Amino acid sequence: MLQSHRAARATAPVRDEILYYCRESVRAGLNFNTQGNISVRLSDEAVVITPSGVRYDLMAPEDLVVVDLDGNVLEGSMLPSTELPVHLAHYRRRPDVQAIVHTESTFVNVLGVLGRTIDPVLLNMVLYAKGPVPVMPFEFSTHAEFGRRSADLLGDDVNAVVWANHGLLAVGTTLELAFKVAVAVEENAEVLHHASLAGVPNVLVYDRIVVPDGARLP
């Protein structure tokens with residue numbers, strides 16, 4: 001418990017960063033009202049996550065909740081997001097994942113309700129998501145078994161998964177990168193939708209992108 005408590009006490013900068021990206025998700029049109037949620041891994045034993053049912057513009061740093069990987073609250077007076085079990089399942093499945101952003105953006109959901117894989121047609125999408133984003137059939141998303149299925153569908157290489165009729169879960173080695181994944185997938189979904197109405201989109205493949213000398217991939 002001591003290690004977890006230390007992790008909980010060391011979260012002031014992380015709390016501020018989470019609140020920043022919560023509000024950015026609204027400004028970017030990825031969420032509204034109390035939709036979506038964000039979490040960050042603090043250590044091998046602790047995660048900080050947004051609370052349930054609190055509007056982002058009213059959320060304060062102390063409202064965020066620190067939990068262990070079994071979901072027990074270590075710090076905070078509010079209830080953690082109802083999708084906490086899903087976040088925890090992804091952290092268990094992917095040790096490389098340090099942050100998770102769940103959004104409910106429009107064009108991700110347009111393709112999600114069609115059950116259509118979001119193929120990469122824009123460079124940012126293929127760079128950040130790393131490949132086609134799969135769609136998980138609809139079901140209620142607040143239990144651990146859903147989380148395990150979502151994490152298995154996400155796999156080890158791709159950085160996002162669509163929950164049909166619901167939204168997107170994006171992961172990253174940092175919160176900034178997880179947010180960039182969510183933004184890139186939504187932008188790509190919009191372009192893919194419109195391009196598909198006009199013709200046959202050119203799909204990009206991550207492993208086939210030629211990187212110039214000196215260039216750096218995300």
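Helices (H or I, at least four residues) and strands (E, at least two) are taken here as DSSP runs and are numbered from the N terminus. By that rule Arg148 belongs to helix α6, residues 144-154, and the chain as a whole holds 7 helices and 8 strands.

This is a predicted model, in which local features need pLDDT of at least 70 and side-chain atom pairs count only at pLDDT 80 or more, while totals for chains, interfaces and linings use all residues. Residues are numbered from 1 along each chain as its sequence is written, and side-chain values use heavy atoms, with hydrogens and water left out.

**Overall form**

The C-alpha trace spans about 55 × 40 × 30 Å along its principal axes. Buried residues (under 20% relative accessible area, with exposed meaning over 50% and partly exposed in between, for a 1.4 Å probe and protein chains only) make up 49% of the 218 residues. Where contact means heavy atoms within 4.5 Å, 66% of the contacts between residues at least 6 apart in sequence join residues at least 24 apart.

His166 is found in the loop between β7 and β8. Its side chain makes a polar contact (a pair of N or O atoms within 3.5 Å; within protein, one must be able to donate a hydrogen and the other to accept it, and residues adjacent in sequence count only if both atoms are side-chain atoms) with the side chain of Glu104, at 3.4 Å. Leaving aside neighbours within four places in sequence, His166 is also in contact with Glu83, His102, Asn109 and Ser141.

His87 sits in helix α3, residues 84-93, and its side chain makes a polar contact of 2.6 Å with the side chain of Asn37. Not counting residues up to four places away in sequence, His87 touches Asn37, Ile38, Ser39, Ile49 and Ile100.

The C-alpha atom of Arg148 is separated by 9.1 Å from that of Arg92, although the two residues are 56 residues apart along the chain.

| Residue | Relative accessible area | Class |
|---|---|---|
| His87 | 0% | buried |
| His166 | 16% | buried |
| Arg148 | 43% | partly exposed |
| Asn165 | 47% | partly exposed |

**Helix α4 and its cover**

Helix α4 covers residues 106-113, and Phe107, Val108, Asn109, Leu111 and Gly112 are buried within it. The cover over these buried residues includes β6 (135-136), β7, β8 and α7 (175-198). Asn109, one of the buried residues of α4, is also among the contacts of His166. Gly115, which follows α4, has a positive phi near 70 degrees.

**Positive phi in two asparagines**

Most residues other than glycine have a negative phi. Asn33, in the loop between α2 (12-27) and β1 (37-41), has a positive phi near 55 degrees. Asn165, in the loop between β7 (160-163) and β8 (167-172), likewise has a positive phi, of about 60 degrees, although it is not a glycine.
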